[in-house]
Amino acid sequence: MGSRHIAGNIIIACYGVITLTAFIYTLTRIRLLPASVWPLVDHSYSMMAPYQGDDEWNADLLAEGLRSDGRWESINLGPYFPQGRGEANVRAFLKGFWRREKGRWFARYSELARQLLLHERGRGRSIVSVRLTLERWPRAPESFGHLRAGPLVLRHVLAEVSL
Amino acid sequence: MKQIVVSHWNHFWFRQVPPHALALARIGFGFFLLLYFSLQFPTVAMRYSSAGIILPLFRPTTPLTVILTPPPPPIALLVFLVLLVFLLLFTLGWHMRIVGTVAVILYLYYWFLSLHLFDTSFDRIFLLALAVLTFSGADRVLSVRSYLEGYRGVRGNRRYRGIVFNPRTRRTLQYRPPGRGRTGRIPPLVSVFPQRLLAIQLTVTYLGVGLQKLVLPGWDGGEVLTVGFAGRWATPLARWLLLENIPLSAYDLLIFLIIALELTLPFGLWSRRMQRWFFALGFLFHLGIALLLGIWWFLALPVLYILFVDPEEVKSGLSVLISFFVNCNRFRMR
């Protein structure tokens, strides 16, 4: 058996172990391999786990800037998340950090707020503080934000950053 | 018995095959990636430069991660253009290993810089497919490389692009199947290994997705669809469907069909008799997701279905197609 065959069989064996481990994790949430190789297993798992479920709430990030006169005004996040609404919505929740940083990913919102503050001041807006709030409201078939008003909306402040 | 198993194993994973299936996958997938990244071009500055909000996966505070410092907009645009150009060269099959390697590195760069925030399965699949195709020999045919290799061959005759044509006599000759043809060249062969690897990955993806829906709560009825059709991804078509007040039993049936399809696709795609039906069903499934949820990126998977077809069948199919067009041409020349 040539060296190419041997190399090929080694690749198949490694790929098989990683894929099987990812498969078992997908179905049972049991981790069979050590943490050192877990990034590879995570990559494989993520390739077979695109849509695992949903809930009955819509959510969005609300950004507000505090003016020097003490009034809060909203900041349009559209230019900063120029993707389609679905992708922009997922990105605004920093999904990429959920699994990797577990309970510490909330701290990333302070970074987001700080960058937003700097960019908005760079655009000439005289704001001294930025506040990021998570808003959640029930879903409705009419539109994404159909019930995003009044007492149905739940709010949770994620970060507030000042100069 | 052991010899039979080893023989079948080697035949499945390592035999030498015509590269036409890989070439078609390279072309189709390459164009898809070009489309995917081209759509981002107008907003490159906000996506990948210091003009936007960038949260790299690793803070750019160490010598290894300083590369993840968001660049100024002109640099970001330049790097992005390099990616587009290299993806085009990859698709055309010109110095594929070099341009493909650079494209993979740039894709990884964008992943660590920004794409990780979206954290999708399709980006991971695209990366794997790009990396495997880069070193697969997919540029041995139907490529700039093969054209140049053939053109620099025998004088007087334009060689293998599927035809043999003599410009002096203006006569075409039908493409000849395997073996030494009139050109005197043996058609190139490559290992089937990359094709098998990608096909297995697609199989595992569908199987994992399908089995997961059997295990996870919430997928035992159609409510998950009604919720999804009112969510962040819903398109106007999905919302219209919801507002039509279709009975929940219809959504239950749809969920059953989706899970059944996801569980049978991994096997149907390999079946020579049933393949074409599952190709069509898979395409319709992903098209439905694109139309109802705006998630169009998985349409790349049907493009890669060609990897499930026997490489020899792909080659003979292409030969028939080329012969047909050559004969049409000859008829018109008369």
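Residues are numbered from 1 along each chain as its sequence is written, and chains are lettered from A and ligands numbered from 1 in the order in which they are written. Because the model is predicted, local features need pLDDT of at least 70 and side-chain atom pairs count only at pLDDT 80 or more, while totals for chains, interfaces and linings use all residues.

The model has an ipTM of 0.92 and a pTM of 0.89.

Chain B contains 14 helices and four strands. Helices (H or I, at least four residues) and strands (E, at least two) are DSSP runs, numbered from the N terminus. Of the 334 residues in chain B, 38% are buried. A residue is buried if 20 or more other C-beta atoms lie within 10 Å of its own, exposed if 12 or fewer, and partly exposed in between, with C-beta atoms placed from the backbone. Among contacts in chain B between residues at least 6 apart in sequence, 71% join residues at least 24 apart.

The domain assignment of chain A gives domain 1 (3-47) and domain 2 (57-162); such bounds come from an automatic or database domain assignment. The centres of these two domains, taken over C-alpha atoms, are separated by 37 Å.

Next comes the packing. A nonpolar core is a set of buried Ala, Val, Leu, Ile, Met, Phe, Trp, Tyr and Cys residues joined through C-beta atoms within 7 Å. The largest such core has 97 residues, of which B:Ala25, B:Phe29, B:Ala129, B:Ala300, B:Leu304, B:Ile306 and B:Leu307 touch the most other members. Helix 2 (residues 20-38) of chain B provides the largest share of this core, eight residues. Domain 1 and domain 2 of chain A each contribute at least three residues to this core. Not counting residues up to four places away in sequence, B:Ile306 touches B:Ala21, B:Leu24, B:Ala25 and B:Val314.

B:Val85 lies in helix 4 (residues 73-92) of chain B. B:Val85 counts as partly exposed because it has 13 C-beta neighbours inside 10 Å. From B:Val85 to B:Leu34 the distance is 51 residues in sequence and 9.0 Å in space, C-alpha to C-alpha.

Between the chains, 38 residues of chain B are in contact with 40 residues of chain A. Helices 1 (2-14), 3 (44-48), 6 (121-134), 8 (193-215), 9 (223-228) and 10 (236-243) of chain B each supply at least two residues of the side that touches chain A. Helix 8 of chain B gives the most, with nine residues. This side of chain B divides into 21 nonpolar, 12 polar and five charged residues. Here Ala, Val, Leu, Ile, Met, Phe, Trp, Tyr, Cys and Pro count as nonpolar, Asp, Glu, Lys and Arg as charged, and the others, Gly among them, as polar.

Helix 8 of chain B, together with helix 2 of chain A, is included in what covers the buried residues of helix 1 of chain A. Those buried residues are A:Thr19, A:Thr21, A:Ala22, A:Tyr25 and A:Thr26. At 1.5 Å a residue, the 26 residues of helix 1 of chain A should span 38 Å, and its end C-alpha atoms are 37 Å apart, which agrees; the expected span is 1.5 Å times one less than the number of residues.

Just after helix 1 of chain A, A:Arg29 takes a positive phi of about 60 degrees. A:Ile30 is in the loop between helix 1 (3-28) and helix 2 (38-47) of chain A. A:Ile30 is exposed because 8 other C-beta atoms lie within 10 Å.

Most residues other than glycine have a negative phi. A:Leu94, in the loop between helix 3 (85-92) and helix 4 (95-101) of chain A, has a positive phi near 55 degrees. A:Leu94 is buried, with 21 other C-beta atoms within 10 Å. B:Asn245 also has a positive phi, of about 55 degrees, but counts as exposed, with 8 C-beta neighbours inside 10 Å.

Terms used: Two residues are in contact if their C-beta atoms, placed from the backbone, lie within 7 Å.
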